[in-house]
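Dear colleague,

Please find below the sequence and structure that I am handing over to you. My notes on what was found follow directly after.

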Amino acid sequence: MTEILVSDVNLNSVCERLEQHCCVDPNQHYESSSPQTPLLKRQTNTGAKLWGRVRSKLLRQKLDPQTVQSKNWHMDVIEMNGIKVEFSMKFTSRDLSLKRTPSKKQSGVFGVKINVVTKRERSKVPYIVRQCIEEVEKRGIDEVGIYRISGVATDIQALKSAFDTNTKDILVMLSDMDINAIAGTLKLYFRELPEPLLTDRLYPAFMEGIALSDPAAKENCMMHLLRSLPDPNLMTFLTLLEHLKRVAEKEPINKMSLHNLATVFGPTLLRPSESESTKGQHIMTASDIWSHDVMAQVQVLLYYLQHNPISFAELKRNTLYFSTDV
C-alpha cells in the first residue's frame, strides 16, 4: 500500500514514484496462488500501462472539486495483469508546498544565502547552478517537458546531499543521473534559498513594476530593480535567464515555451519568505493572495525572458551613470 500526499506542484513526482514501483522485470516469472495455473510471464509494458492508469486517475481526482476541498485521505486501488496498486492520497494547498523556510545554516549550499555560497566558492554564480545548467544543456534541452516534469524524489535527494557535502564524484553522478532529476535539483536549490533570488526587499517593487501600464515606465522600473539586486543574485539570475531562453528556443522539440518556463520558475525565484509574505495581507483570503501573487510572479519572469539580452556590465554602467548624474 502506498500513501501519497499530493500537492498541485508534485503530481508528476508522485507518478514517477508509482512508475518505479510498478515496473516489472521482463525476465522474471511469477507464480500464481492457484496450483492449477501455470507460470505466467507478465507483459513487459504492464508497469507503464498501470502507471498511465494511475496517472489518469490522479489527474481526474485533481480536477474533482469535492476531492480537492476535502482534508481527508482518499483511498483507491488500481489493478492490471495481476499487479495491484493500493494507495491513499489527499491534497495540500500550493502555498504550503512552496513555503520558504528560514535557515541559519552556513555549511553546504541548500538553504544557505547565495552570497555566502559564492564567497566561499570564490565564484560569481554558485557551482550547483552552473553544473546543473551545463548538464541540462548537454543532454536535456531536447527533453519533452524539461523543468516541467519532476524527477524521482530519491534521485533529487541524492544529488542534494552530494552538492551539500561537496562529494568528489558529483560530476560522475550528474552524468549518470536522469536529466529530470538534475532539473528538479536546480529548482529545489532556488526554492530552498532562505530568501528568493530576487530578494524579499525588492519583492513589493517587482509586483508594482510589472503592473505598470506605460511601457517606458515599466522598462525603467524593471531594469532599475535588476540593478538594485546584490551582485551574486544578479549574476545568477542573468545566467539562469539566458539558459531558459536557450531552452525555449527548442520549444518545437521540448514543448517548453517562455510562458511555460516562467510558470515553472516564477514562483520559485520570487516567492517571498514566510515573514514577508504575511505582511499586510489581512483583508484578502489566503487563496486570493496566492492566485494574485503567482500570476504576478510569472509575469515578472516572463517580462525578463521576453526582453532583449541583458548584460551585467551594461546594467552596472547604468548604475554608475545614475549615481553620478546630479
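Leaving aside residues up to four places away in sequence, I310 touches M223, L226, L238, L241, E242, Y304 and L315, where contact means heavy atoms within 4.5 Å. I310 is found in the loop between α16 (286-306) and α17 (312-324); helices (H or I, at least four residues) and strands (E, at least two) are DSSP runs, numbered from the N terminus. With a relative accessible area of 11%, I310 is buried; buried means under 20% relative accessible area, exposed over 50%, and partly exposed in between (1.4 Å probe, protein chains only). One of its contacts, E242, is 68 residues apart from I310 along the chain, with 8.8 Å between the C-alpha atoms.

Please note that this is a predicted model, in which local features need pLDDT of at least 70 and side-chain atom pairs count only at pLDDT 80 or more, while totals for chains, interfaces and linings use all residues. Residues are numbered from 1 along each chain as its sequence is written, and side-chain values use heavy atoms, with hydrogens and water left out.

N318 lies in helix α17 and is partly exposed, at a relative accessible area of 26%. N318 and H224 are 94 residues apart in sequence, and their C-alpha atoms are 8.9 Å apart in space. E86, in strand β3 (residues 83-92), has a relative accessibility of 33% and therefore counts as partly exposed. The C-alpha atoms of E86 and D76 are separated by 6.0 Å, the two residues being ten apart along the chain.

For the chain as a whole, the following values apply. The protein chain contains 17 helices and three strands. Of its 326 residues, 44% count as buried. Among contacts with a separation of 6 or more, 74% come from residues 24 or more positions apart.

Axes here are lines fitted to C-alpha atoms, for helices over the stretch in contact, and angles run from 0 to 180 degrees between N-to-C directions.

The axes of α6 (residues 127-139) and α9 come within 10 Å and cross at roughly 150°. The two helices are therefore roughly antiparallel; angles under 35 degrees count as roughly parallel, over 145 as roughly antiparallel, 65 to 115 as roughly perpendicular and the rest as oblique. The crossing is left-handed, a term used if the near helix is turned anticlockwise from the far one by less than a right angle, with right-handed used if clockwise. I128, V129, C132, I133, E135, V136 and R139 in α6 meet I179, I182, T185, L186, Y189 and F190 in α9. By class, this contact has ten nonpolar, one polar and two charged residues; Ala, Val, Leu, Ile, Met, Phe, Trp, Tyr, Cys and Pro count as nonpolar, Asp, Glu, Lys and Arg as charged, and the others, Gly among them, as polar.

Helix α7 (residues 153-164) also meets α9, their axes coming within 9 Å and crossing at roughly 60°. The two are therefore oblique to each other, and α7 passes α9 in a right-handed crossing. On the α7 side, D155, I156, Q157, L159, K160 and F163 take part, and on the α9 side A181, I182, G184, T185 and L188. These residues divide into six nonpolar, three polar and two charged.

The axes of α9 and α14 (258-270) come within 8 Å and cross at roughly 30°. This makes α9 roughly parallel to α14. K187, F190 and R191 in α9 meet V264, F265, T268 and L269 in α14, a contact of four nonpolar, one polar and two charged residues.

Y147, in the loop between α6 and α7, has a phi near 80°, a positive value in a residue other than glycine. Y147 counts as buried, at 0% relative accessibility. K255, in the loop between α13 (251-254) and α14, has a positive phi near 65° and is likewise a residue other than glycine. K255 counts as exposed, at 51% relative accessibility.

With kind regards
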